[in-house]
Amino acid sequence: MQCRSVLTRIDALRTGELERGDSVEVESHLHTCGSCHDSLTDVENFATAVRSLAAPRRPGQESLVSTLCDSFDSIDVDGTRVWIAYSSNGVRAVDMRASTADEFRKSYGVRCRRELRQQPVPERYRKAVAAALRGELSSAPDVDLTGRTDFEQTVLRIIAEIPRGEVRTYEWVAREAGRPKAVRAVGNIMASNPVPLVLPCHRVVPTSGGIGNYGYGPAMKRKLLAAEGTPVEELETLAREGVRYVGSRTTKIFCFPTCRDARRIRDANKVGFHDLGETRELGYRPCKRCTPAVAA
Amino acid sequence: MKAPESENLALAVHHRAQGAFEKLVDEFEPRLFNYANRILDNRFDAQEVVQDAFLRAHDALTRQYEAARVEALAVKPWLFRIVRNLAFNKRRGSKTRLDEPLTAFDDGRIGPLVSGCSVTAALEEHQERQALEQALSTLPASSRELIVLRFMEEMSYADISKTVGLDESALRGRVFRSLKLLRDALSQNEVTHAV
């Protein structure tokens, strides 16, 4: 074997990674060639020296784990167990279905593709979720919607603006989001809302009237809306009568039935509409607060 | 040089076992960061690369790969390979190649490592360690990464081959040439110091 071939093999010889035939040849060469033998010593020295080099410190003090993983824990609200996941930017998920921490952690992993670490939920999130469940949340805390599509984020931000005590239709949300035909898509986004209660998807109802369905069942939706001061029974009565908008004879303005302006109309002046055609025929314009239709 | 424990760790991540991913991060983060930093020579870029690598690894282990594939995975070279790909992509992205020394790769004859420069005894000294650090930083990234994988990570040629994608005999030659470059850089330094 020539020196050249031996030199490229001495490092592998050092760690016993050479095949047997090779290592016998290399070793016998090393016995006769002083120069190659010195090189082996050098490689050994270099190996020791390089190993002693300290690993450089990365910037920032926080462990990378805290940026790669989100946190979670459960809270108890009047006997209901609510799971809350959060990142440093806000609430990531709210769930009342999981029965164990492991179940919540795994379903979160599948949905959000992130890992969770169990850690106490910050006071402001705990308070917000508890208030939301009692129908008392006036302004939503920060939510972190990273990983959701632009349209999903737009839609979720829009429903966050629906005032407590009022409801809007899927159609309205789609229109506000700039895609009036995407009513179904809005429905799907509501169904997969990662932060129910906090982002009030329960305030979105079918265009045909009534309160519609909910991830935690229509009874839960009804309870939440009632707790927020929404006139649920009135909504259901109107739905049975096919009334979707109410207007005022004095102002000639029409609203969604739960709009706080609509609720100020005296019964004597109140008029119900079944569809937008009726409102146009009678010369009513849409309310600017609840925007039940695009202004003509 | 196998690490059966981290192999099980990958499987645990796949099954979303509690704390498994955290353990994986804790175990490999400093070493992957060191590797990325030696390639990129920029701590912030290296940080970004490692973070991205872990996100990709997590996605692969939990979503893309089936259990059998995760079980057969050599985790360490796999993680280093992800970091390597991302790091070299980033290098390519930042056009400034000024950090690359002009005498890039001496493919000429391989001579013996002359023991003239006294790494032997003197390297215990902090100063000497700095000299080595300095010499290492003048090497091309392709040599730096091999030095890291072979001598800092003490990976086997088989594992380095999985990380870098060259066959073992080619790697043996490159590792030796990288050592030679390092030795040259080191002795050059000493000369400048002496003058």
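Two strands count as paired if DSSP finds at least two bridges between them. Helices (H or I, at least four residues) and strands (E, at least two) are DSSP runs, numbered from the N terminus.

Some housekeeping. This is a predicted model: local features need pLDDT of at least 70, side-chain atom pairs count only at pLDDT 80 or more, and totals for chains, interfaces and linings use all residues. Residues are numbered from 1 along each chain as its sequence is written, with chains lettered from A and ligands numbered from 1 in the order in which they are written.

Chain A, then. Its open sheet has 4 strands, ordered E3-E2-E1-E4, and the pairing is mixed. E3 (90-95) and E4 are the edge strands, each with a single partner, so one side of each has no neighbour in the sheet. Strand E2 (residues 80-87) pairs with E3(A) over 5 bridges, antiparallel. Which residue in E3(A) is the bridge partner of A:Ser87? That is A:Gly90.

Next, the interface. Chain A puts in 38 residues and chain B 44, where contact means C-beta atoms, placed from the backbone, within 7 Å. On the side of chain A, H4(A) gives the most, 13 residues.

Finally, chain B. Helices H2 (residues 20-40) and H3 (residues 43-64) of chain B pack at about 140°, axes 8 Å apart. Axes are lines fitted to C-alpha atoms, for helices over the stretch in contact; angles run from 0 to 180 degrees between N-to-C directions. H2(B) and H3(B) are therefore oblique: under 35 degrees is roughly parallel, over 145 roughly antiparallel, 65 to 115 roughly perpendicular, the rest oblique. Residues of H2(B) including B:Phe21 and B:Leu40 meet residues of H3(B), among them B:Arg43 and B:His58.

Conventions. Two residues are in contact if their C-beta atoms, placed from the backbone, lie within 7 Å.
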